[in-house]
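Good morning, everyone, and thank you for making the time. Please look at the sequence and the structure together while I talk.

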Amino acid sequence: MGRGPASDACRPCGAAALSAFVDTNVLIRHLTGDPPEMAARATAALAAAEELLLADLVVAECVYMLESFYEVGREKVAELMRAAIALPSIKTVDSASLRRALEVYEVDRLDFAEAYLVAHAEATGVASVLSFDQSIDLVATVTRQEP
């Protein structure tokens, strides 16, 4: 406990240690090239790192930033985020669910948060989402329950 370095007791023997978590701003700079000097540094850091953990929350924030601030279309956002997840240095907790969330976001046109819930409902076998958002009804693999 405490604020010291985390123990690596739960890491399998021989597994490489993650060097850092990657933040939204680094991925956004890399994906957009904006501003050029920071983008070059971000791209170099992503290429040089052995293993960086990409948190699901950062993926969601990247989707939001690309859509809102950069006004990137949904299909391009999904393409960019799939490319980010596929970078050799990037590790995620559940890349299959993130890729499925991006597919639902792109194809079924759900907001990313709802697409993420759908992907996890499918992956866990729960197959149900409690929500007022009727867009979830567009996905045949899950059932939406309304409160």
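This is a predicted model: local features need pLDDT of at least 70, side-chain atom pairs count only at pLDDT 80 or more; totals for chains, interfaces and linings use all residues.

How many helices and strands does the secondary structure of the protein chain come to? The answer is six helices and five strands, where helices (H or I, at least four residues) and strands (E, at least two) are DSSP runs numbered from the N terminus. Residues are numbered from 1 along each chain as its sequence is written, and side-chain values use heavy atoms, with hydrogens and water left out.

Let me turn to the sheet. Three strands form an open sheet with parallel pairing, in the order β1-β2-β3, where two strands pair if DSSP finds at least two bridges between them. At its edges are β1 (20–21) and β3 (90–91), each of which pairs on one side only. Strand β2, residues 52–53, pairs with β3 over two bridges, and L53 has K91 of β3 as its bridge partner.

Now to helix α2, residues 36–48. Which of its residues are buried? They are A39, A42 and L46, buried meaning under 20% relative accessible area and exposed over 50%, with partly exposed in between (1.4 Å probe, protein chains only). These three cover an arc of only 65° around the axis, which puts them on the same side of α2; the arc is that of the directions from the helix axis to the C-beta atoms. On the other side of α2, R41, A47 and A48 are exposed.
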